[in-house]
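This report concerns the aromatic side chains of a protein model and their surroundings. Please consult the sequence and structure shown here.

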Amino acid sequence: MTAWIDQALWCLDRRQPAVLISVASVRGSAPREAGAKMLVSAGHQWLTIGGGQLEWQATRLAREHLTDADHPDRWVRDIPLAASAGQCCGGLVTLLFERLRDADRVWLLDARARLQRQESFEREVGVGGPGVAPWVGLQAPAAASHPANRFQAARLLDPSDARGCPVLTEPLQPDSLQILVFGAGHVGHALVDILGTLPCRVTWVDARDELFPDTVAPNVIIEATDTPEAVIDQAPPGSCYLVMTHDHALDQHLCEQIMKRDDAAYFGLIGSATKWHKFQQRFAARGIPPERYARITCPIGEPGIEGKQPAVIAVAVAAQLMRLRTQLAHRAAHAAGQADLAVTH
């Protein structure tokens, strides 16, 4: 969630003119969802709003006005995908363009801090117009008759506002999927490399500090510690755990510590069917009820993806976690809808 914020601040720090492009609304089929973002400078672009002709046109429009002092800093543009972009999706995409100034640093830093504190909020952008100055504001989710549905919906562009200009309101939420990866071996490296590009938060744990890379993605925190039990105890409820260390005894110890919590959204143990059979025997010998370790996924990874190479295992595990993320989002949306229904009846 903070990737576009970090990149925008990077450009501002280097006084590199840049335009932030957001998919403000989508009607019909489109390559990306409302809220997708891309950042464009004179010679580079970061992130994506869907690729193809849509992205090419957006980049061209941004660069045309990158240093045009007479052009507004914020503007919207409708792009019919079939008519003007030649894409078979056939929908209509409304893009919001924001030429970033040094003054934008204030709300960018505020937004990043809120997300790092795990706060949910809305970003309101007024495009401006005759007699109306553009603005950007951050605010708590608006109180409405159905606040949960309102905040979760992809309601990004209100065509007009009482203030007389287009107003974009987008919900910004911290990544809800918290993943703890125990082990900095080959598979751990391959998996964290992938997770660093996905919508999640990762805590990477190992006692061997020298195995960690010098830099990691912004959504990854390294815990070089010889007391991983403390990391487990402090993890938020509903976290995902992946045990993949170099030591089977340590794997077993970590599994037993995680099972004490009984609140994991996902609990994976790397290993073969033979290893899993032996672990079940060990758990039973220690008096652990079968229903506790029945929740452990071993072997790990999305079924049907075969291969023992670290990168293949990492892809299979990441796919399994992203499928879980979708399921959790659907459950949350359903629960919010049920809560709203209860309020109205």
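The sections below cover the basis of the model, the overall fold and the aromatic contacts.

## Basis

This is a predicted model, in which local features need pLDDT of at least 70, side-chain atom pairs count only at pLDDT 80 or more, and totals for chains, interfaces and linings use all residues. Residues are numbered from 1 along each chain as its sequence is written, and side-chain values use heavy atoms, with hydrogens and water left out.

## Overall fold

The protein chain contains 10 helices and 14 strands, taken as DSSP runs numbered from the N terminus (helices H or I, at least four residues; strands E, at least two). Of its 345 residues, 43% are buried (under 20% relative accessible area; exposed is over 50%, partly exposed in between; 1.4 Å probe, protein chains only).

## Aromatic pairs

Eight aromatic pairs are counted (ring centres of Phe, Tyr and Trp, the last by its six-membered ring, within 6.5 Å; planes under 30 degrees apart are stacked, over 60 edge-to-face, the rest tilted). Trp10 and Trp46 are edge-to-face because their planes stand at 65 degrees, with centres 6.1 Å apart. This pair links helix H1 (residues 3-13) to strand S3 (residues 45-47), 36 residues apart. Trp10 is partly exposed at 34% relative accessibility, whereas Trp46 is buried at 18%.

Phe283 and Tyr293 form a tilted pair, 5.4 Å centre to centre with 35 degrees between the planes.

## Charges over rings

Lys37 lies over the face of Trp4, 4.9 Å from the ring centre, and Arg114 over that of Phe121, at 5.3 Å (NZ of Lys or CZ of Arg within 6 Å of the ring centre and within 35 degrees of the ring normal).
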